[in-house]
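Subject: Structure handover

Hello,

The structure is below, with the findings after it. Please keep it with your working files.

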Amino acid sequence: MKISLRNNFENVELTNNNQIEAVKKTAELLAIDLGASYQEIVSGLFAREAVSDTDVGEGVVINHAYSSDVKEPVLFVVSFDHEIGWNYPDVTPVDTIIAIVLPVSFQDHNFVQSVRDNVRLKIETGETFTDVRIDSANNAELDDNLNTFLLHPALA
């Protein structure tokens, strides 16, 4: 299974550079792009943050939400113009959210964890998410590189 990269939002500005504002802005961008319910997406993203840490290292967090308005998993990359203090009070500097919107009926409960584990493993071995984005000359190449970076070969 491949994730469809729908949007790559870069240098997103926030009024307040904090985790709450970043999650709200991410949900807003996703809802607008998908024509989906903002409330459904923002609630899902905040619920996930409440369950456990979404930080995977190198300034990247991976979060997900379910939406009744999508038919297949959709990936969004949101990078901010400034670092955000994440996981208060520990305050991990974060500048990128990888957000996955899944159909409500999506049954693979290990999918997001597999993506998260694969990204952590690649970061631990020195491959960085930033390098993948910078080295991509066009959107199709970025799609391929992100899928390679995000997905374990067994999922691709």
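**Confidence**

The score here is pLDDT, the predictor's confidence in each residue, from 0 to 100. The chain average is 82, and 76% of the residues score at least 70. Where pLDDT is low, the predicted coordinates should not be read in detail.

This is a predicted model, in which local features need pLDDT of at least 70 and side-chain atom pairs count only at pLDDT 80 or more, while totals for chains, interfaces and linings use all residues. Residues are numbered from 1 along each chain as its sequence is written, and side-chain values use heavy atoms, with hydrogens and water left out.

**Strands**

Helices (H or I, at least four residues) and strands (E, at least two) are DSSP runs, numbered from the N terminus. Two strands pair if DSSP finds at least two bridges between them. Strand β5 (residues 92–103) runs parallel to β3 (residues 60–67), with 8 bridges joining them. With β4 (residues 74–86), β5 pairs in the antiparallel sense over 9 bridges. Ile100 in β5 is the bridge partner of His64 and also of Leu75. Of the 12 residues in β5, 9 are buried (under 20% relative accessible area; exposed is over 50%, partly exposed in between; 1.4 Å probe, protein chains only).

**Charged residues**

A search of the whole structure finds 1 salt bridge (a side-chain nitrogen of Lys or Arg within 4 Å of a carboxyl oxygen of Asp or Glu). Lys25 forms a salt bridge with Glu28, their closest N and O atoms lying 3.7 Å apart. The two residues are 3 apart in helix α1 (residues 19–34), so about one helical turn separates them. Lys25 is partly exposed, at 24% relative accessibility, and Glu28 is partly exposed at 34%.

Arg116, in helix α3 (residues 111–124), is buried and has no salt bridge; Asp117, the nearest side chain of opposite charge, is 6.9 Å away. For that comparison, Lys and Arg count as positive and Asp and Glu as negative, with His and the chain ends not counted. The Arg116 side chain does reach the backbone oxygen of Ile62, at 2.9 Å. Not counting residues up to four places away in sequence, Arg116 touches Arg48, Val56, Ile62, Asn63 and His64 (contact means heavy atoms within 4.5 Å).

**Thr54**

Thr54 sits in the loop between α2 (38–51) and β2 (55–57). Its relative accessibility is 0%, so Thr54 counts as buried. Beyond its neighbours within four places in sequence, the contacts of Thr54 include Arg48, Ile62, Asn63 and Trp86.

Regards

Conventions: A polar contact is a pair of N or O atoms within 3.5 Å; within protein, one must be able to donate a hydrogen and the other to accept it, and residues adjacent in sequence count only if both atoms are side-chain atoms.
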